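Here are my notes on this model, point by point. Please keep the structure open while you read.

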Amino acid sequence: MARKKNQSRPGNKMRNLITKLNPKSPVSEQYRTIRTNIQYASVDNDIKSLLVTSSGPSEGKSTTIANLAVVYAQTGKRVLLIDADLRKPTVHYTFRLDNLRGLSNILVGQNTLDETVNRTDVDNLDVISCGPIPPNPSELLASRKMAEFLKEVTAAYDIVIFDTPPVLAVTDAQILANIVDGTLLVVRSKHTDLEAANKAKEILEPAQAKLLGTVLNGREKKASNYYYYYGTN
C-alpha cells in the first residue's frame with residue numbers, strides 16, 4: 001500500500017502522546033492495561049475494528065484514542081487510526097497532518113485509501129484524518145460506501161480504531177457502533193455527569209454496540225501515579 005508521509009504544519013504540537021514520548025511512564029502502562037483488557041473482553045471474537053466515544057465533549061476521548069493506537073502499534077500490529085468525527089476533528093492536530101484529504105473524501109468517492117492514508121513517525125501506525133468537513137456527516141457514515149471502506153481497511157490492517165463525536169451530541173457514534181467489532185466509552189473523573197454516562201450507554205446498547213467497557217480518564221491516584229484505568233460493564 002502506497003502511503004504519503006506525514007506533512008507537519010508549523011505551530012501545531014503533538015498533544016499528549018505520552019505513550020510515544022514516555023512509554024515507560026505509569027500512565028503509558030495504564031494504556032497498555034486498557035489494550036490488554038480489550039483482548040480479555042473479546043476473547044471469543046477477534047477485535048479488528050474499535051470505536052472510541054464519550055457522552056459529551058472535553059472528556060479526553062481523542063487523547064485516549066491516540067495513545068491507545070500507539071500502544072497497539074508498539075506490539076507490532078498494523079494499526080490504522082481514523083478520524084470519523086466529521087464535525088470537530090482533532091486527529092490531524094495530534095499527529096500534525098494537513099487534513100486536506102481524509103475520510104470525507106473517501107466516502108464521497110473523491111479519493112482512495114492509498115491517497116488519504118498518512119504514515120506517522122510511530123512504527124506500524126497509520127492515520128486517516130477527517131478531511132474537509134461535509135454538510136451531511138451522519139448520512140456519509142451510514143452509507144454503503146462506509147461499510148465497503150470498513151471491509152477494505154480491516155483486510156489491510158490488524159486493527160482499525162475510529163474516533164467519533166460524543167454520543168449525546170449527534171447520532172454518528174451510534175451509526176458506526178452498528179458495524180464495528182467493539183466500542184469503548186470514555187468518561188472523565190469529576191467532569192462526566194453520571195446521568196449522561198448512563199444515557200450514553202442506553203443509546204449505544206440498542207445499536208448493538210458491543211460495548212466492551214468504560215475508560216475512566218483523569219482520575220489521579222497519588223499512591224501509584226496511575227491516571228487511567230479500564231472498567232468492564
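1. Start with a buried loop residue. Asn99 is buried, with a relative accessible area of 14%, because buried means under 20% relative accessible area, exposed means over 50% and partly exposed lies in between (1.4 Å probe, protein chains only). Asn99 sits in the loop between helix 4 and helix 5. Phi of Asn99 is near 60°, a positive value in a residue other than glycine. Most residues other than glycine have a negative phi.

2. A word on the basis of these notes. The model is predicted: local features need pLDDT of at least 70, side-chain atom pairs count only at pLDDT 80 or more, and totals for chains, interfaces and linings use all residues. Residues are numbered from 1 along each chain as its sequence is written, and side-chain values use heavy atoms, with hydrogens and water left out.

3. Arg96 is in the loop between helix 4 (91-94) and helix 5 (103-107). Its phi is near 55°, again a positive value in a residue other than glycine. Is Arg96 buried or partly exposed? At 29% relative accessibility, Arg96 counts as partly exposed.

4. Now the whole chain. The chain has 10 helices and nine strands. Helices (H or I, at least four residues) and strands (E, at least two) are DSSP runs, numbered from the N terminus. Of the 233 residues, 52% count as buried. Take the contacts with a separation of 6 or more: residues 24 or more positions apart account for 77% of them. Contact means heavy atoms within 4.5 Å.

5. Helix 3 deserves a look. Helix 3 covers residues 61-73, 13 residues in total. From its first C-alpha to its last it reaches 18 Å, close to the 18 Å expected at 1.5 Å a residue. That expected span is 1.5 Å times one less than the number of residues. Helix 3 is mostly covered, with 12 of its 13 residues buried. Among the buried residues are Lys61, Asn67, Leu68 and Tyr72.

6. How do helix 2 and helix 3 pack? Helix 2 (residues 26-41) and helix 3 meet at an angle of about 75°, with their axes 9 Å apart. Axes are lines fitted to C-alpha atoms, for helices over the stretch in contact, and angles run from 0 to 180 degrees between N-to-C directions. Helix 2 and helix 3 are therefore roughly perpendicular to each other. The cut-offs are under 35 degrees for roughly parallel, over 145 for roughly antiparallel and 65 to 115 for roughly perpendicular, with the rest oblique.

7. Which residues make that contact? Ser28, Tyr31, Arg32, Ile34, Arg35 and Ile38 come from helix 2. Thr63, Thr64, Asn67, Leu68, Val71 and Tyr72 come from helix 3. The residues of this contact divide into six nonpolar, four polar and two charged. Here Ala, Val, Leu, Ile, Met, Phe, Trp, Tyr, Cys and Pro count as nonpolar, Asp, Glu, Lys and Arg as charged, and the others, Gly among them, as polar.

8. Ser28 is worth checking by eye. Ser28 lies in helix 2. At 0% relative accessibility, Ser28 counts as buried. Not counting residues up to four places away in sequence, Ser28 touches Ile18, Thr19, Asn22, Pro23 and Val71. The C-alpha atoms of Ser28 and Val71 are separated by 8.1 Å, and the two residues are 43 apart along the chain.

9. Next, the strands. Strand 7 (residues 182-188) and strand 8 pair in the parallel sense over six bridges. Two strands pair if DSSP finds at least two bridges between them. Thr183 has Leu211 in strand 8 as its bridge partner, and Val187 has Leu216. Strand 2 (residues 49-54) and strand 7 also pair in the parallel sense, over five bridges. There, Ser54 has Val186 in strand 7 as its bridge partner.

10. Why is strand 7 largely enclosed by the rest of the structure? Six of the seven residues of strand 7 are buried. Strand 8 (residues 211-217) also has six of its seven residues buried, so strand 8 is largely enclosed by the rest of the structure.

11. Last, Val153. Val153 is found in helix 8 (residues 144-156). Val153 is buried, with a relative accessible area of 0%. Leaving aside neighbours within four places in sequence, Val153 is in contact with Leu80, Leu113 and Val160. The C-alpha atoms of Val153 and Lys48, 105 residues apart along the chain, are separated by 9.5 Å.
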